[in-house]
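Please consider the model shown here. The paragraphs that follow lead through its helices, sheets and backbone details in turn.

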Amino acid sequence: MAFFSRSLIRNLIRNTISSSSKPFSSSSSYHLNGGSSYMRGAVFWEPNKPLTIEDFHMPRPKVGEILLKTKACGVCHSDLHVMKGELPFASPCVVGHEITGEVVEHGPLTDSRIIQRFPLGAHVVGAFIMPCGSCFFCTKGQDDLCEAFFAYNRAKGTLYDGETRLFLRSNGNPVFMYSMGGLAEYCVVPAHALSIIPDSLPYSESAILGCAVFTAYGAMAHAAEVHLGDSIAVIGIGGVGSSCLQLARAFGASDIIAVDVQDEKLQKAKLFGATHTVNALKEDAVEKIREITGGMGVDIAVEALGNPKTFLQCTQSVRDGGKAVMIGLAKSGAIGEVDINRLVRRQIKVIGSYGARARQDLPKLVKLAETGLFNLHSAISRKYKFEEAGQAYQDLNQGSIIGRAVVEIM
Ligand SMILES: [Zn+2]
Ligand SMILES: [Zn+2]
């Protein structure tokens, strides 16, 4: 219990200094008032082994961080890449990076303005790129390039002091965190990655704002810079691809072409705003896109699979001067080809995009969902219980999830 008492003392000191009128209202009150000392989390041990549910010590937030009671966590291909050993990541780790939750504790010495913005009991959504707020890129407003996030979280599986917040109950061994390690009953998130969600938005559906919709928004707003009337092709209609379709419609795109190899996904794509669909198993996707656009090619093509073949198709689908936006993560070391002379002569722009900017963009996504411009309900096709997390990833791996699935951790 030693680790409780240190933060308790710090909090009492801070509370006494900052607010003598409500000395027990903040921070560690969750624990002080008899909250749990342990929690469960879904652990990835090594490639192609099933996730197991393990008991953990309750994670402790540090300065600028918030402990959430996790409510829902989306099921995303990036986790699957890690679980299949295609993207190297520190292990054992808790995967899951697309979450909603309730604020239950603030890290000691956290800025009072952060505590005011995210009070105890607040409903929040977390972005998978968790900006540190003070590195070279964060100070330029480019949260999506945060150095600390890539150097610590993606490279080492920790938060930005180089340490994980997750320790097994059985032996105290550290377990790493893919983003916040969202497939657990509680998670620690840097406050800069969070945005409040209103009561009108449900926890389960809103989870996808933190990765699928977030990634799609970054591609549309920052990489493609979609304008009214643009024509757009989206290759790969999974959770991110279908979010791209919805945002293309919200941004006022004219022709919205969905490309996939499953008719079921293409059928659903029409609900998300696709004006045309192309089954790339039955037709030549590039030829068909050119045909739909009067021989020109689209203004913007988005590749949401992370596959060298569709990478090439994406660059071939855009008109002269068009933008080919790449958002699908591939196997580590995968190489994409592009016709160099066409790229040079016809000014093809190939743009990579990884997520969006949490502090600027996440509140906008919440608004889009709140006003119905982005339909969260239609985006979620399946819900799993926490105990079924392993099954959820198996289903994702088999391609049997249309749109996005969410694990509910109530
Ligand atoms: Zn994701
Ligand atoms: Zn940063």
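Helices (H or I, at least four residues) and strands (E, at least two) are DSSP runs, numbered from the N terminus. This is a predicted model, in which local features need pLDDT of at least 70 and side-chain atom pairs count only at pLDDT 80 or more, while totals for chains, interfaces and linings use all residues. Residues are numbered from 1 along each chain as its sequence is written, and chains are lettered from A and ligands numbered from 1 in the order in which they are written.

Helix α6 itself covers residues 147–156, and its buried residues are Phe149, Tyr152 and Asn153. A residue is called buried if 20 or more other C-beta atoms lie within 10 Å of its own, exposed if 12 or fewer, and partly exposed in between, with C-beta atoms placed from the backbone. Viewed down the axis of α6, the buried residues fall within an arc of 105°, so they line one face of the helix. The arc is that of the directions from the helix axis to the C-beta atoms. In general, an α-helix has 3.6 residues a turn, so residues three or four places apart point the same way. The buried residues of α6 pack against β8 (174–177); contact here requires C-beta atoms, placed from the backbone, within 7 Å.

Strand β8 belongs to an open sheet of five strands in the order β2-β1-β4-β8-β7, with mixed pairing. Two strands pair if DSSP finds at least two bridges between them. At the edges are β2 (52–57) and β7 (166–167), each of which pairs on one side only. Strands β4 and β8 run parallel and are joined by two bridges, and Cys93 stands opposite Phe176 in β8. The loop between α3 (77–83) and β4 (93–94) contains Pro92, which is joined to Ser91 by a cis peptide bond with omega about 0°.

A second open sheet contains six strands, ordered β13-β12-β11-β14-β15-β16, and its pairing is parallel. Its edge strands, β13 (276–279) and β16 (349–352), each pair on one side only. On average, neighbouring strands of this sheet are turned by 20° against each other, direction ignored. Axes are lines fitted to C-alpha atoms, for helices over the stretch in contact, and angles run from 0 to 180 degrees between N-to-C directions. Within the sheet, β11 (residues 232–235) and β14 (residues 298–303) run parallel and are joined by four bridges; Ile235 stands opposite Glu303 in β14.

Two helices lie across strands of this sheet. Helix α10 (residues 263–271) lies across β12 (256–260) and β13, and runs at about 170° to β13. Helix α11 (residues 285–292) lies across β11, β12, β13 and β14, at about 160° to β13.

Glu225 is partly exposed, with 13 other C-beta atoms within 10 Å. Gln347 is exposed, with 10 other C-beta atoms within 10 Å.

Finally, an unreviewed UniProt entry lists residues 46–407 for "domain: Enoyl reductase (ER)". UniProt positions are given in the numbering used here, feature names are shortened, and annotations may be inferred rather than shown by experiment. The end C-alpha atoms of residues 46–407 lie 21 Å apart, and the span is 31% helix and 24% strand.
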